[in-house]
Amino acid sequence: MYGLSLDESDDEEEFSADSGWIPWFCGLKGHELFAEVEEEYVRDNFNLYGLRQRFQFYDHALEMILSSEAPDDDDLADSEFLEIYQDASDLYGLIHARYIVSPRGLQVMREKYLKGTFGTCPRVLCDRQHVLPIGLSEDLRAAQVKIFCPRCEQVYSVKSKYKELDGACFGTSFPQIFLQSYPSLVPLEPARPFVPRVFGFKLHKQKSLITWKLEQEQASPAQPQEGGGWFCHA
C-alpha cells in the first residue's frame, strides 16, 4: 500500500486541512514521480471509461480523490477508511497513467523531467542522462515502476523509496509518447559503449550490445520510402 503517514511528506510545512486529497497524496514521501492530476480531468467521465468495474468502492474512492480536505491521523487509523483509501490510491494511479499522456499531462511531466525529478540513468557511460518512469504492465500489482533511459534505451529498477509505486500508474507507453511529443529532448548522441580492457589493452572480438547495435545501424542506414517516411533494412 502507498505511504500513509502525514509525517512522511517531503515538504517542511504541514499540509493544511483544505489542501485537498490529490496534493496531499502526491506530496507523500516516495510519491515525487506522480503528477498532480487536475480535478477537471478527473471529473470528466470520458477519462474514467472502463474503470468503474475494477473497483469495489469506486464511487467512494472517486469522492475521496476529489475531496477538498486531506486525511488526518484519525482517518488513517480507521480500517474502513483505509479500505476506501486503497481503492482511491489505485484508481488515482490508473487515472494518472491516462493523464500523463494527455497534452496537459505531458507538459507537467516535461517540467519534472527537465528538473531531473525522475532521476538519472544508473549506467555510468550515459553521463547522468535524465530518465522517465515506465510500467512493465498495464495491470495493477503486476510490476513495480521502473525507469527508462532515453540514451541507452534500457529499463532499470528505481531507488528503494519508489519501490512501492505500481508500474500501472505510469503505463507501458509513456516514455515513447513523451519523446515523440518532445523530439528535441531525444538525446542526439548515442550511448557510449563500454570497452573491455586487460592491462590497458582492448580485448579483440569482444563487443558490447550497444557497440553491436551501432554497427548494425551504420551497416543498414535508414532509407526514404514513399510518402516521406523512413524505414531500415532488416
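Arg141 is exposed because its relative accessibility is 54%; exposed means over 50% relative accessible area, buried means under 20%, and partly exposed lies in between, with a 1.4 Å probe and protein chains only. Before I go on, this is a predicted model, in which local features need pLDDT of at least 70 and side-chain atom pairs count only at pLDDT 80 or more, while totals for chains, interfaces and linings use all residues. Residues are numbered from 1 along each chain as its sequence is written, and side-chain values use heavy atoms, with hydrogens and water left out.

Back to Arg141. It sits in the loop between strand 1 and strand 2. Helices here are DSSP runs of H or I with at least four residues, strands are runs of E with at least two, and both are numbered from the N terminus. Arg141 is not a glycine, yet its phi is positive, about 70 degrees. Most residues other than glycine have a negative phi.

What does the side chain of Arg141 meet in a salt bridge? The partner is Asp90, at 2.6 Å from N to O. The pair joins distant parts of the chain, with Asp90 in helix 5 and Arg141 in the loop between strand 1 (132-134) and strand 2, 51 residues apart. A salt bridge, for this talk, is a side-chain nitrogen of Lys or Arg within 4 Å of a carboxyl oxygen of Asp or Glu. Asp90 counts as buried because its relative accessible area is 4%. Asp90 and Arg141 also belong to a network of salt bridges with Asp166.

Glu39 and Arg43 pair through their side chains at 3.4 Å, N to O. Both lie in helix 2, residues 39-43, and they are four residues apart, about one turn of the helix. Glu39 has a relative accessible area of 36%, so it is partly exposed. The other pair is Arg52 and Asp59, whose side chains meet at 3.0 Å, N to O. Arg52 is partly exposed at 46% relative accessibility, and Asp59 is partly exposed at 47%.

Lys146 is buried and has no salt bridge. Which side chain of opposite charge is nearest to Lys146, and how far away is it? That is Asp166, 10 Å away. In this count Lys and Arg are positive, Asp and Glu are negative, and His and the chain ends are not counted. Lys146 lies in strand 2, residues 146-148. Leaving out residues up to four places away in sequence, Lys146 touches Leu132, Pro133, Ile134, Leu136, Val155, Tyr156, Ser157 and Val158. Contact means heavy atoms within 4.5 Å.

Next, the surface patches. Patches are made of residues with over 30% relative accessible area and no salt bridge; like charges are joined within 9 Å, and nonpolar side chains (Val, Leu, Ile, Met, Phe, Trp, Tyr) within 5 Å. The place of a charge is NZ of Lys, CZ of Arg, CG of Asp or CD of Glu.

A patch of negative charge on the surface is formed by Glu69, Asp72, Asp73, Asp74, Asp78, Glu80 and Glu83. Helix 4 (73-76) and helix 5 (79-99) are the elements that give two or more residues to this patch. Asp73, for one, is in helix 4, and at 56% relative accessibility it counts as exposed.

There is also a nonpolar surface patch of about 480 Å², made by Val198, Phe199, Phe201 and Leu203. Phe199 is in the loop between strand 4 (197-198) and strand 5 (201-202). Is Phe199 buried or exposed? Phe199 is exposed, because its relative accessibility is 82%. Its phi is near 55 degrees, a positive value in a residue other than glycine. Phe201 is in strand 5 and counts as exposed at 61% relative accessibility.

Last, the totals. The protein chain has eight helices and seven strands. Of its 234 residues, 41% count as buried. Among contacts with a separation of 6 or more, 61% are between residues 24 or more positions apart. The accessible surface comes to about 14,300 Å², with 50% of that belonging to carbon and sulfur atoms. Accessible areas come from the Shrake-Rupley method with a 1.4 Å probe, and for residues only the protein chains shown count as cover.
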